[in-house]
Amino acid sequence: EKAGYEHFMIKEINEQPKALADTLFPRIHDGKIDLTDAGFSDDMIEGIRKIYIVACGTASYAAQVGKYVIERLARVSVEVDAGSEFRYRNPVLEPDMLVIVISQSGETADTIAALREAKKRGLKVIAITNVVGSTLSREADAVFYTRAGMEIAVASTKAYITQLLALYMIAMEVGRIKGKLADEEYARLLKELERVPELSKEPMEKKKDLQKLASQRYMDQHAFYIGRGLDYAVAMEGTMKIKEVSYIHAEAFSAGELKHGTIALIEKNTLVVALATQADLLEKMMSNIKEVKARGGYVFAIVQERDAATVADQVDQVFTIPNVEDLFAPMLSVIPLQMLGYYAAVSKGCDVDKPRNLAKSVTVE
Ligand code: M6R
């Protein structure tokens with residue numbers, strides 16, 4: 001039941017701190033992440049040369065964050081594909097590749113088809129899923145269960161955030177076992193990661209800012225979500241959230257790509273949601289934001305608290321997430337984007353939990 005919330009979507013957004021804690025803490029033993037139940041042994045990790053992640057929709061956007069983080073922490077190259085593409089394009093698969101499929105429901109037809117294809121070609125497949133006993137969980141070689149609890153709203157929120165967490169945990173373990181992540185750095189990251197469930201409560205406390213934006217006229221037309229690196233990956237998920245529940249057209253762009261054509265669409269008051277949570281990319285992001293402002297765009301920026309003052313006078317509205325290790329910012333920055341989608345849908349009077357044309361799981365190819 002909705003436990004006093006108006007919709008399942010907002011209830012599930014609010015359940016994210018618990019979903020993160022339930023997925024993380026039971027898997028930490030003696031200062032290490034323990035993924036043996038998910039099929040990761042030291043031997044198995046040492047043998048991985050490349051990772052292929054296959055998923056659909058929101059789960060595929062989680063995979064985009066995963067690619068970035070695994071490549072960064074474990075120096076293993078990662079390819080991401082949509083389930084519906086993987087199967088029909090005869091992907092180049094090699095025996096020392098690990099395939100990871102991600103699916104909240106574990107019942108998405110395109111993802112199941114991809115798993116079967118990978119297995120047919122002799123590869124080991126690990127499933128990240130939220131549903132015990134689902135088709136994916138039964139057919140995969142091993143399963144990393146996210147512990148988000150049942151997700152009812154069509155728009156995935158708490159499942160996505162736990163998928164991110166699962167990928168961070170995998171990245172850290174692969175990095176550690178492969179010797180790419182020094183013990184000290186691993187310990188520091190783990191300590192930071194353990195703070196994330198608690199920190200993830202904060203964005204929910206600032207819902208007024210998002211409600212305000214969601215009811216403004218900037219939301220009438222279409223919107224662009226921009227970011228670089230990890231922020232770009234999160235932008236993709238942010239646009240999905242607003243599109244599917246509020247029917248506002250939104251596109252995610254890597255901030256540097258905007259000027260290669262799409263900037264032609266920015267005019268007075270076009271909403272641009274700019275994610276700028278990464279210290280090493282902040283300066284570059286600020287110059288992209290200037291390009292947008294120069295054309296009259298309305299910039300809603302999401303930054304870490306530490307950067308609020310630097311950014312404030314160059315944008316129209318700032319939303320801050322608590323300071324956190326940059327790598328982990330996606331688990332915080334996605335929350336205001338989910339809320340923005342939600343409040344936009346509410347202010348437009350949309351059927352939030354059951355958007356038009358969509359079902360909770362897509363069991364046809
Ligand atoms: O159950 P799955 O994670 O396999 O579902 C995949 C997509 O259909 C799903 O994420 C869809 O994109 C959601 N409606 C997004 O909120």
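Colleague: Which residues of α2 and α8 meet in this model?
Modeller: Keep in mind that it's a predicted model. On the α2 side you have Gln 16, Ala 19, Leu 20, Thr 23 and Leu 24, and they meet Lys 158, Ile 161, Thr 162, Leu 165 and Met 169 of α8.

Colleague: How many of those are nonpolar, polar or charged?
Modeller: Six residues in that contact are nonpolar, three are polar and one is charged.

Colleague: At what angle do α2 and α8 pack?
Modeller: About 30°, with the axes 9 Å apart. The crossing of α2 and α8 is right-handed.

Colleague: OK, now α14. At what angle do the axes of α8 and α14 cross?
Modeller: Roughly 165°, and the axes come within 10 Å. Because angles over 145 degrees count as roughly antiparallel, α8 is roughly antiparallel to α14.

Colleague: Right-handed or left-handed, that crossing of α8 and α14?
Modeller: Right-handed. Tyr 160, Ile 161, Leu 164, Leu 165 and Tyr 168 of α8 make the contact with Pro 330, Met 331, Val 334, Ile 335 and Gln 338 of α14.

Colleague: And how do those residues divide by class?
Modeller: Nine are nonpolar, one is polar and none is charged.

Colleague: Switching topic: how many residues surround the ligand?
Modeller: There are 14, and the closest are Ser 103, Gln 104, Ser 105, Thr 108 and Glu 244.

Colleague: How far is a polar side-chain atom of Ser 103 from an oxygen atom of the ligand?
Modeller: For Ser 103 it's 2.5 Å. A polar side-chain atom of Ser 105 sits 2.7 Å from a ligand oxygen atom, and for Lys 241 the distance is 3.0 Å.

How values were computed
Residues numbered from 1 in each chain as written. Predicted model: local features only at pLDDT ≥ 70, side-chain atom pairs only at ≥ 80, totals over all residues. Heavy atoms only, no water. Axes fitted to C-alpha atoms, helices over the stretch in contact; angles between N-to-C directions. Helix = DSSP H or I, 4+ residues; strand = E, 2+ residues; numbered from the N terminus. Parallel < 35°, antiparallel > 145°, perpendicular 65-115°, else oblique. Left-handed = near helix turned anticlockwise from the far one by under 90°. Contact = heavy atoms within 4.5 Å. Nonpolar A, V, L, I, M, F, W, Y, C, P; charged D, E, K, R; others polar. Near = heavy atom within 4 Å. Polar contact = N/O pair within 3.5 Å; in protein donor to acceptor, adjacent residues only side chain to side chain.
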